[in-house]
Amino acid sequence: MSTCPVAGKPACICKSARHIGLLVFRIGLGGMILAHGYPKLLALFGGEGSQWMNPIGIGSTLSLSLCVFAEFVCSIAVMLGFLTRPAALVLAINFCIIACTYREGTSAEMNELVLVYLLSFVTLMLTGPGRLSLDRMLFRRCLHRKCCRG
């Protein structure tokens, strides 16, 4: 059995910890965004779409619909590890728009939080969901076989 050169433990334990870490990261991050998306979903179905902001000039209702898709649907996909990279891309675009449409009176802490979410989804796009995901169960094949071994 090979050992991890960093931790000195069996290599399988280090690999398992990485995948468990990605699972915890996905569930935690997706859950936090889901908490933001659910009230927006209620607002959309409650007929409040016309009162929503229109940050990129596509209309208030469509802006709210896209935000609900990103923060509700895609956050659930991230939590499940289903189509994780595309879902993380949609969420990263969502938070990029939020970051770029800075509003006066918004606290510095809120803007930092938006950037933390943005960087988290970019990181998830780069790392992928890990082995403990629906992506892994449904799409076992990998375009780059070498990257699936680790």
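Colleague: Is Cys100 buried or exposed?

Modeller: Cys100 counts as exposed, at 62% relative accessibility. Keep in mind that this is a predicted model.

Colleague: What about Cys67, buried or exposed?

Modeller: Cys67 counts as buried, because its relative accessibility is 8% and the cut-off for buried is under 20%.

Colleague: How many disulfides does the structure hold?

Modeller: The count is 0 disulfides.

Colleague: Remind me what a disulfide is.

Modeller: A covalent bond between the sulfur atoms of two cysteines.

Colleague: Which cysteine sulfur is nearest to that of Cys100, then?

Modeller: That of Cys96, which is 4.1 Å away. Cys100 is in no disulfide, because the two sulfur atoms would have to lie within 2.5 Å.

Colleague: New topic. How many helices and strands does the chain have?

Modeller: There are 6 helices and 0 strands. Read from the N terminus on, the elements run α-α-α-α-α-α.

Colleague: And what share of the residues is buried?

Modeller: Of the 150 residues in the chain, 29% count as buried.

Colleague: Give me an example with Leu34. Where does it lie?

Modeller: Leu34 lies in helix α1 and is partly exposed, with a relative accessible area of 22%. Leu34 and Ile76 are 42 residues apart in sequence, yet their C-alpha atoms are 7.1 Å apart in space.

Colleague: What else is Leu34 in contact with?

Modeller: Leaving aside neighbours within four places in sequence, Leu34 is in contact with Glu71, Phe72, Ser75, Ile76 and Met79.

Colleague: And Gly28, where is that found?

Modeller: Gly28 is also in helix α1, and it is partly exposed at 29% relative accessible area. From Gly28 to Val78 is 50 residues in sequence and 9.8 Å in space, C-alpha to C-alpha.

Colleague: Let's talk about rings. How many aromatic pairs does the structure hold?

Modeller: It holds 3 aromatic pairs. One of them is Tyr38 with Phe72, a tilted pair at 6.3 Å centre to centre and 35 degrees between the planes.

Colleague: Which helices does that pair link?

Modeller: Tyr38 is in helix α1, residues 11-45, and Phe72 is in helix α2, residues 60-80. They are 34 residues apart, so the pair links distant parts of the chain. Tyr38 is partly exposed, with a relative accessible area of 43%.

Colleague: What kind of pair do Phe95 and Tyr117 form?

Modeller: A tilted one, 5.2 Å centre to centre with 45 degrees between the planes. This pair links distant parts of the chain too: Phe95 in helix α3, residues 84-100, and Tyr117 in helix α4, residues 108-127, 22 residues apart.

Colleague: Are those two buried or exposed?

Modeller: Phe95 is buried, with a relative accessible area of 5%. Tyr117 is buried as well, at 7%. Together with Phe121, they form one aromatic cluster.

Colleague: How many residues does the largest nonpolar core have?

Modeller: It has 16 residues. Those with the most contacts inside it are Ile33, Val78, Ala87, Leu91, Phe95, Tyr117 and Phe121. Each of α1, α2, α3 and α4 supplies at least two residues of this core.

Colleague: Which residues are in the second core?

Modeller: That separate core has 5 residues, including Leu41, Ala43, Leu64 and Phe72.

Colleague: Back to Phe95. What is it in contact with?

Modeller: Apart from neighbours within four places in sequence, Phe95 is in contact with Ile33, Glu71, Val114, Tyr117, Leu118 and Phe121.

Colleague: Which residues of α3 are buried?

Modeller: Thr84, Ala87, Ala88, Leu91, Ala92, Asn94 and Phe95. Seen down the axis of α3, the buried residues fall within an arc of 160 degrees, so they line one face of the helix.

Colleague: What span should α3 have?

Modeller: Its 17 residues, at 1.5 Å a residue, should span 24 Å. The end C-alpha atoms are 24 Å apart, which agrees.

Colleague: Last one. Where does Leu83 lie?

Modeller: In the loop between α2 and α3. Leu83 counts as partly exposed, at 40% relative accessibility.

Note on methods:
Residues are numbered from 1 along each chain as its sequence is written. This is a predicted model: local features need pLDDT of at least 70, side-chain atom pairs count only at pLDDT 80 or more; totals for chains, interfaces and linings use all residues. Side-chain values use heavy atoms; hydrogens and water are left out. Rings of Phe, Tyr and Trp (its six-membered ring) pair if their centres lie within 6.5 Å; planes under 30 degrees apart count as stacked, over 60 as edge-to-face and the rest as tilted. Helices (H or I, at least four residues) and strands (E, at least two) are DSSP runs, numbered from the N terminus. Buried means under 20% relative accessible area, exposed over 50%, partly exposed in between (1.4 Å probe, protein chains only). A nonpolar core is a set of buried Ala, Val, Leu, Ile, Met, Phe, Trp, Tyr and Cys residues joined through side-chain atoms within 4.5 Å. Contact means heavy atoms within 4.5 Å. The expected span of a helix is 1.5 Å times one less than its number of residues. The arc is that of the directions from the helix axis to the C-beta atoms.
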